[in-house]
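I opened the model to look up a few things.

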Amino acid sequence: MPGVTSDSGELNSLSVVPHSSDTQSPIVYPLRNHGLSPPLIRLSISWARGNTLRVSFLQSEEHNVVGKVVEVKLTNTDGGEITDAQRRRIEYGSVAPFALLQSHKNSSITSLYDKDWWERVMEYSKEISSLLGDSKSSAAPIIGDPKAVLRKMEEPTSLRAAWELLEIFYVDKHCQTWIPERLLDWLADFDCLFSGNQPTVHAKLVAFQEELVTIQAVENDPEYWQAMSSALAVGWLDVVVKLLRLHGSYLFDQLGSREIENGLVEAVALLISQMPRMRPYLLAEKLGESYQTKPEFMKAWEKWRAQITKLDCSAFWLQCDHQKTRDGLKNMLQIMLGNASILSNVTYHWIELYISHFLYIRPFTVGLESMYTLAQKCMNLKPILYRHKLMGLIIGILEENTEVVLAECSRSFGPWMTTHAIELLTAGSIQAETLLHEQQSKLGGICIEELHRLVYAQILSSHALTWNIAAIYLTSCMKQGLGLLENLLYKQPVQHHQVLLKSIEICRLNGLDFVSCNMMKIAGVHYWKHGKKGSAVFWLQQARDELRLNRIAKHLFDFVGKSISDEGFKQWEGMIELLGTESKTAGGLEFLKKYRDFRRSLQQVHEGITTEAAQKAAEALISLMRNPSTPQQFWLPLLHDSLKLLNWKERPLINVSQTNILLNKLQDLSLARLRPGFVETDLPPEALKSIRLALATNLGRAILNE
């Protein structure tokens, strides 16, 4: 079971959850089946396709040199694994079912042990299972090809196999009475996963199918009877019957001379097809007869076994001239009668032997305790030479040890499996829920469930394509989730527009308005420092950051307080457009919008436009001078730029009261010069005198005009 390890000590570490940086132990890849004994005169290693090494062995035998080439796949997995692209698809696809289940859990007023709740968990499990691959059995026959024993399908994944195991034992309440049959179906789907490092029934059938096209009389081949016996032992009845129908006695030209032999083969095939199965239903392609109640099944079972015994003692065996057919069929009858020795000989690992015992020796086994006892017996009969990760998970489930199951999920299948499988483990189990939800002092006060979610969220947050879905898992952590989500959002690069928008959306969905505001402020400062002043003002406006907007305004005022002929002001017009019409979000930059309008009007005056345009420019000037947002340092440049308005020849554009306002501004400016820190404007020395003269002249003309 994973725990919190010591932190790396780096203050700016990107880890959401502290993790260990210890190096892994080197991996040893065994070289099997090369068939050569030492000494070897030469060993050559070269790259093959993908992550595979080609190892060549050369051995000297007197005057001849023999050799063998084997390929070694460089991976620490057991096969049936998924690619990075498939993993990301699973990660994204599992977000919606997980979030929906958490929503039901938080809003549900019913107990987590009620029927309605485990039905929701079952729906959740089915949705997750659909992401992990196809559930059709790889042991199903193909009708089109008479000699095709197994369906050619894509290899299933160990992740799917593990998930189905948890669903069978923890969630699917409908199959509690027929778990052995569910395990039989499970083995039919996933026995191929065990074939990578050890022999299996599936591998046996695949190898025989490759040889089948070259065999003339299959009944003369010992592999034919061995393959059928193995398939029968694990309950693949449809495969067995199809193989039996390939027997030479079914050929049209053989029926007359091999009538007794064909009758025995057909009798065994019929018995196999009529095998009683303790399950509610059977798929159309599956053989056997299903029974839903135990009394009906027991009655049919006894009748079926009696028919097998009767056939086994029949005198027709003495009339069968084909020795291999007689021995092979008798061996299959012994399998159906539950001969433990033969079952052990025709199966290859303890899980296959385990299934065969359920089918033919202990069909009435119920309860995990009895199933675990039988599993121990099978492991003693078939010692584990190579411990596949699925075997460890099965043992943990049969032991009813939640901690072992969780540890196997974490060690063998990773944080994704652990995070999502916890919902299955706690479905209807008070003991598991207590264990996983109890606060642990050694984990900083969080529970085991929250720890695994935090670990998984860290993995998601470390990848540019999955960081955004980490928020779903962090918000489900009551203790540390929101705090770590804030850290995650603050670490996202604000210079990437789409990432910033996604971060803001996550903040909105989770009520983190203050984080969203801070991120927009950070984005505004970032863009300002990198010369993108328009983007900077936009994000600061979104954040309603009056302080920084005022600072920007003060900085920009140095560029706009010059004469109208200055081209420098044009670069700011696009940014001023961003300020919009809401003055409360513009801060000190509100002045820039009005100043822009004034400059446009003044430009028309200098181009010789009519008195009406000059009157609008004069009104814009008065509006600017009256506005408290107009900085004092701009009063004199504004009046100096407006000299043509003040000396308008046709008539005075500014009345007496407005002229007095401008004179008062000059008086305030004269008093401000006496204070420390006053900033002198960059104007000619005679500018002030020109302004005073123009105002005085305009005042006199305005008085006479009125």
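**Entry 1: a cavity**

I looked up the second largest cavity and listed its lining: Leu165, Phe169, Leu183, Trp186, Trp350, Ile351, Tyr354, Ile355 and Ile394. This is a predicted model, where local features need pLDDT of at least 70 and side-chain atom pairs count only at pLDDT 80 or more, while totals for chains, interfaces and linings use all residues. Residues are numbered from 1 along each chain as its sequence is written, and side-chain values use heavy atoms, with hydrogens and water left out.

I noted the rule for a cavity: on a 1 Å grid over the protein atoms alone, it is a set of points where a 1.4 Å probe fits but cannot get out, and lining residues have an atom within 4 Å of a point. Points are joined across faces, edges and corners, and a volume is the space filled by probe spheres set on the points. I counted 4 cavities of 30 Å³ or more by this rule.

Which elements give two or more residues to its lining? I found α4 (158-171), α5 (179-190) and α13 (350-360). Helices here are DSSP runs (H or I, at least four residues), numbered from the N terminus. α13 gives the most, with 4 residues.

I sorted the lining by class: 9 nonpolar, no polar and no charged residues. Ala, Val, Leu, Ile, Met, Phe, Trp, Tyr, Cys and Pro count as nonpolar, Asp, Glu, Lys and Arg as charged, and the others, Gly among them, as polar.

**Entry 2: α5 and α13**

I stayed with two of these helices. α5 and α13 pack at an angle of about 140°, with their axes 10 Å apart. That makes α5 oblique to α13. Axes are lines fitted to C-alpha atoms over the stretch in contact, and angles run from 0 to 180 degrees between N-to-C directions. Under 35 degrees is roughly parallel, over 145 roughly antiparallel, 65 to 115 roughly perpendicular, and the rest oblique.

α5 passes α13 in a left-handed crossing (the near helix is turned anticlockwise from the far one by less than a right angle). On the α5 side I listed Pro180, Glu181, Leu183, Leu184 and Leu187, and on the α13 side Ile351, Glu352, Tyr354, Ile355, Phe358 and Leu359. Contact means heavy atoms within 4.5 Å. The classes come to 9 nonpolar, no polar and 2 charged.

**Entry 3: α9 and α10**

I went on to helix α9 (residues 259-273) and helix α10 (residues 294-312), whose axes come within 11 Å and cross at roughly 165°. The two are therefore roughly antiparallel. Leu264, Ala267, Val268 and Leu271 of α9 touch Trp304, Gln307, Ile308 and Leu311 of α10.

**Entry 4: α22 and α23**

How far apart are the axes of α22 and α23? I read 7 Å for helix α22 (residues 513-529) and α23, at an angle of about 165°. That makes α22 roughly antiparallel to α23. The crossing of this pair is left-handed.

**Entry 5: two loop residues**

Most residues other than glycine have a negative phi. Glu400 is not a glycine, yet its phi is positive, about 60°. I found Glu400 in the loop between α15 (389-398) and α16 (402-425). Arg544, also no glycine, has a positive phi of about 55°. Arg544 sits in the loop between α23 (533-542) and α24 (546-560).

How values were computed
On a 1 Å grid over the protein atoms alone, a cavity is a set of points where a 1.4 Å probe fits but cannot get out, and a pocket is an open set with protein on both sides within 12 Å along at least five of seven lines; lining residues have an atom within 4 Å of a point.
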